[in-house]
Amino acid sequence: MVVNERASIIDAPAARVWELVSTAEGQRLAGRGFVGEMTFTGAGLGMVRRMRTQGHLGDGVVVERCDHFDATEMEMRYRIVDTGGIVPFADYRGVAKVIPAGDRASVLLLRSTFIPVDMGEDEARRLSEMNFALFFDNVKAVVAEAA
């Protein structure tokens with residue numbers, strides 16, 4: 001099993017970062033560069049998002065469902081329910097959590113766990129790390145644009 005974890009300081013209040021992580025529009029902004037299109041059914045707990053991938057992932061549609069959503073704790077958990085034949089990970093589960101770091105900053109934590117499908121763990125970890133890097137870069141760029 002591969003575990004990928006990363007946390008980073010974001011120069012924006014926790015509520016703003018949570019908005020980028022937890023809302024449809026925010027997720028579209030945070031997914032730029034590796035998700036070409038994102039559609040949603042529902043919001044919060046039980047939400048299903050369909051993502052057309054692009055870039056280093058190739059072209060396909062991945063489906064994820066939100067299994068835990070706590071706006072007070074600013075934490076959500078989701079899992080892939082259809083790999084679209086493009087994501088080489090079995091039993092993928094992700095966590096996004098926002099932790100206040102004073103009034104003007106926050107810590108964004110991402111964690112994923114999965115079992116690689118027909119590839120080595122090192123290669124699978126690198127792919128997951130690339131996704132995280134793009135996500136963090138996008139979140140930081142979006143909050144910088146708004147400043």
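Asp-91 is found in strand S6, strands here being DSSP E runs of at least two residues and helices H or I runs of at least four, numbered from the N terminus. Asp-91 is not a glycine, yet it has a positive phi of about 55°. This is a predicted model, so local features need pLDDT of at least 70 and side-chain atom pairs count only at pLDDT 80 or more, while totals for chains, interfaces and linings use all residues. Residues are numbered from 1 along each chain as its sequence is written, and side-chain values use heavy atoms, with hydrogens and water left out.

**Backbone**

- Asp-91 counts as partly exposed because its relative accessibility is 44%; buried means under 20% relative accessible area, exposed over 50%, and partly exposed in between (1.4 Å probe, protein chains only).
- Met-74 also has a positive phi of about 55° without being a glycine, and its place is the loop between S4 and S5.
- With 13% relative accessibility, Met-74 counts as buried.

**Cavity**

- The structure holds 1 cavity of 30 Å³ or more, a cavity being a set of points on a 1 Å grid over the protein atoms alone where a 1.4 Å probe fits but cannot get out.
- The largest cavity has a volume of about 420 Å³, taken as the space filled by probe spheres set on the points, which are joined across faces, edges and corners.
- It is lined by 25 residues, and the closest to its centre are Phe-34, Arg-49, Glu-64, Tyr-78 and Tyr-92; lining residues have an atom within 4 Å of a point.
- Helix H3 (121-146) is one of the elements that supply at least two lining residues, and H3 gives the largest share, 4 residues.
- By class, the lining has 18 nonpolar, 5 polar and 2 charged residues, where Ala, Val, Leu, Ile, Met, Phe, Trp, Tyr, Cys and Pro count as nonpolar, Asp, Glu, Lys and Arg as charged, and the others, Gly among them, as polar.

**Salt bridges**

- There are 10 salt bridges in the structure, each a side-chain nitrogen of Lys or Arg within 4 Å of a carboxyl oxygen of Asp or Glu.
- Arg-111 pairs with Glu-5, with the closest N and O atoms 2.7 Å apart; Arg-111 lies in strand S7 and Glu-5 in strand S1, so the pair ties together parts 106 residues apart in sequence.
- Lys-97 and Glu-73 meet at 4.0 Å, N to O, linking strand S6 to the loop between S4 and S5.
- Lys-97 is buried at 18%, whereas Glu-73 is partly exposed at 44%.
- Arg-65, Asp-67 and Arg-79 are linked in a network of salt bridges.

Note on methods. On a 1 Å grid over the protein atoms alone, a cavity is a set of points where a 1.4 Å probe fits but cannot get out, and a pocket is an open set with protein on both sides within 12 Å along at least five of seven lines; lining residues have an atom within 4 Å of a point.
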